[in-house]
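Here's a friendly walk through one protein chain, taken a topic at a time. Keep the picture open beside you as you read.

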Amino acid sequence: SVKDALFTQVNKLAKMPAGAHEATVVRGDLDTCLELPWNKDTATRADLKRAEKILDRDIYGMKKVKERILEMLSVYKLAPGINGQIICLVGPPGVGKTSIGKTISECMGRKFARVSLGGVHDEAEIRGHRKTYIGAMPGKIINAVKTAGSGNPLILLDEVDKLGGDYRGDPSSALLEVLDPEQNGTFVDHFIEVPYDLSRAVFIATANTAETIPAPLLDRMEIIEVSGYTENEKYHIATEHLMQKQMKKHGLDESRFQISEKAMQKIIHEYTRESGVRALERRIASLCRKADREILEKNRKKVQITERNLEKYLGKSIYETNMKAEHDEVGIVRGLAWTSVGGDTLEIEVNLMPGKGKFELTGQLGDVMQESAKAGISYIRSVSDDYELDPEYFQQHDIHIHIPEGAVPKDGPSAGI
């Protein structure tokens with residue numbers, strides 16, 4: 001059917017005068033169609049041992065993600081004809097979601113193409129423009145297939161949670177056809193106007209949060225959570241990957257530049273606080289630049305960064321950890337806070353003074369935490385008989401609950417404990 005449609009266009013072109021405006025439109029359309037890999041497929045490599053080696057080389061930790069990739073490869077090995085596996089990697093920035101996509105394509109031996117969806121708000125960018133418009137071109141998906149040069153590439157849809165949508169159209173709805181295994185066997189791009197089979201492609205999407213992805217789109221994808229790294233994992237990533245990468249970029253090697261183990265842990269603990277490793281990489285790059293300058297200006301043979309001289313290079317530490325109290329105190333208790341980079345502990349302080357039964361809450365508390373505080377007070381009042389409190393006690397005292405770091409908004413069930 002595609003061949004017939006293209007021959008119709010060729011016959012139409014043959015009958016047109018050479019200078020006709022429409023001739024260039026038809027010729028451009030035919031060129032695009034002929035550049036698409038209609039019958040070219042890459043053989044999928046399903047060597048699990050090789051894949052495992054590649055995954056361990058490129059990704060540190062992330063056991064669940066690796067297991068899911070190996071399962072996917074096993075399926076392709078036993079059922080080569082399977083199609084429509086669509087995975088969405090959800091996790092904070094800087095944890096390596098895009099890199100995982102590249103690694104998967106290497107494991108499968110497929111061609112790789114990346115489509116960036118951040119800020120796309122026009123559905124024509126997904127489905128292409130009608131070829132009669134001036135400046136018309138095919139959509140991002142067909143372009144990605146053309147760039148990959150293979151009928152079964154691995155297409156990475158980056159930042160799928162940042163798709164826009166306005167009066168010009170809704171690109172997330174246009175993506176529904178691309179990502180639905182029942183529909184994408186006959187995907188029609190408005191520019192080429194003939195159905196193209198996308199069912200052989202493997203789609204991997206990445207997103208920072210699943211909450212902003214429209215529900216119908218989310219329904220077509222399998223979510224894999226890529227969580228942030230622990231300090232121990234960051235240390236291994238820094239020493240095994242980031243150091244070599246940055247030293248190479250800055251013209252250094254191990255004989256001229258070193259960071260001690262204690263210093264690296266201090267950088268992770270006191271100079272960065274994030275789920276990924278981007279800020280950590282920037283800190284290492286900063287140390288490399290300073291080392292380059294010292295080697296040139298002071299003719300140093302070697303620059304060694306230790307725990308003692310780290311402050312000289314990076315300045316005062318930015319983050320400090322809440323230490324536990326020296327001794328137990330009445331009226332101070334620890335709460336837990338969830339943050340995007342893991343968690344932290346909070347101090348919750350209570351003060352009691354003679355008054356008229358007023359109840360104060362300070363420290364920028366959200367609704368859930370205010371409710372927790374009120375529930376706590378109600379509970380204490382309900383069991384006051386067990387502690388032989390005078391029934392008038394609560395009418396004669398004011399209670400003030402405060403959570404320090406008043407500039408930081410606090411809310412959520414974990415902090416409410």
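Let's start with Cys33, which is buried, with a relative accessible area of 0%. Cys288 counts as buried too, at 0% relative accessibility. Here "buried" means under 20% relative accessible area, "exposed" means over 50%, and "partly exposed" is in between (1.4 Å probe, protein chains only). How many disulfides does a search of the whole structure find? The count is zero, where a disulfide would be a pair of cysteine sulfur atoms within 2.5 Å.

A quick word on what you're looking at: this is a predicted model, where local features need pLDDT of at least 70 and side-chain atom pairs count only at pLDDT 80 or more, while totals for chains, interfaces and linings use all residues. Residues are numbered from 1 along each chain as its sequence is written, and side-chain values use heavy atoms, with hydrogens and water left out.

Nonpolar side chains tend to be buried together in soluble globular proteins. A nonpolar core, as used here, is a set of buried Ala, Val, Leu, Ile, Met, Phe, Trp, Tyr and Cys residues joined through side-chain atoms within 4.5 Å. The largest one has 51 residues, and those touching the most other members are Ile100, Phe257, Ile259, Met264, Ile267, Leu287 and Ile305. There's also a second, separate core of 44 residues, with Leu36, Ile142, Val178 and Met221 among them.

Take Ile267 as a way into the largest core. If you skip its neighbours within four places in sequence, Ile267 is in contact with Ile259, Thr272, Leu280, Arg283, Leu287, Leu310 and Leu314. Contact means heavy atoms within 4.5 Å.

Ile267 belongs to helix H11 (residues 261-271), where Ala263, Met264, Lys266, Ile268 and Tyr271 are buried along with it. Helices (H or I, at least four residues) and strands (E, at least two) are DSSP runs, numbered from the N terminus. What covers the buried part of H11? The cover includes helix H10 (231-249), strand S8 (257-259), helix H12 (278-297), strand S9 (303-305) and helix H13 (310-314).

Now hop over to H7 (140-148). Ile141, Ile142, Ala144, Val145 and Ala148 are buried in this helix. Why do they line one face? Looking down the axis of H7, the buried residues fall within an arc of 155°, so they share one face of the helix; the arc is that of the directions from the helix axis to the C-beta atoms. They pack against strand S2 (112-116), H6, strand S3 (154-158), helix H8 (171-179), S4 and S5. Just after H7 comes Gly149, with a positive phi of about 70°.

## Salt bridges

Side chains of opposite charge can pair when their charged atoms come close. A salt bridge here is a side-chain nitrogen of Lys or Arg within 4 Å of a carboxyl oxygen of Asp or Glu, and a search of the whole structure finds 22 of them. One joins Lys12 to Glu22, with the closest N and O atoms 3.6 Å apart. Lys12 sits in helix H1 (residues 2-15) and Glu22 in helix H2 (residues 21-35), so this pair ties together parts ten residues apart in sequence. Lys12 is partly exposed at 40%, and Glu22 is partly exposed at 41%.

Another salt bridge pairs Glu193 with Lys131, at 2.8 Å between the closest N and O atoms. It links distant parts of the chain, 62 residues apart: Glu193 is in the loop between strands S4 (187-188) and S5 (195-196), and Lys131 is in the loop between helices H6 (124-127) and H7. Glu193 is partly exposed at 43%, whereas Lys131 is buried at 12%. Then there's Glu311 with Lys316, 3.1 Å apart at the closest N and O atoms; Glu311 is partly exposed at 37% and Lys316 is exposed at 65%. Through shared partners, salt bridges also join Asp29, Arg130, Lys131 and Glu193 into one network.

## Aromatic pairs

The structure holds two aromatic pairs. Rings of Phe, Tyr and Trp (its six-membered ring) pair if their centres lie within 6.5 Å; planes under 30 degrees apart count as stacked, over 60 as edge-to-face and the rest as tilted. Trp38 and Tyr196 have ring centres 5.0 Å apart and planes at 65°, so they are edge-to-face. Trp38 is in the loop between H2 and helix H3 (48-58) and Tyr196 is in strand S5, so the pair ties together parts 158 residues apart in sequence. Trp38 is partly exposed at 24%, while Tyr196 is buried at 2%.
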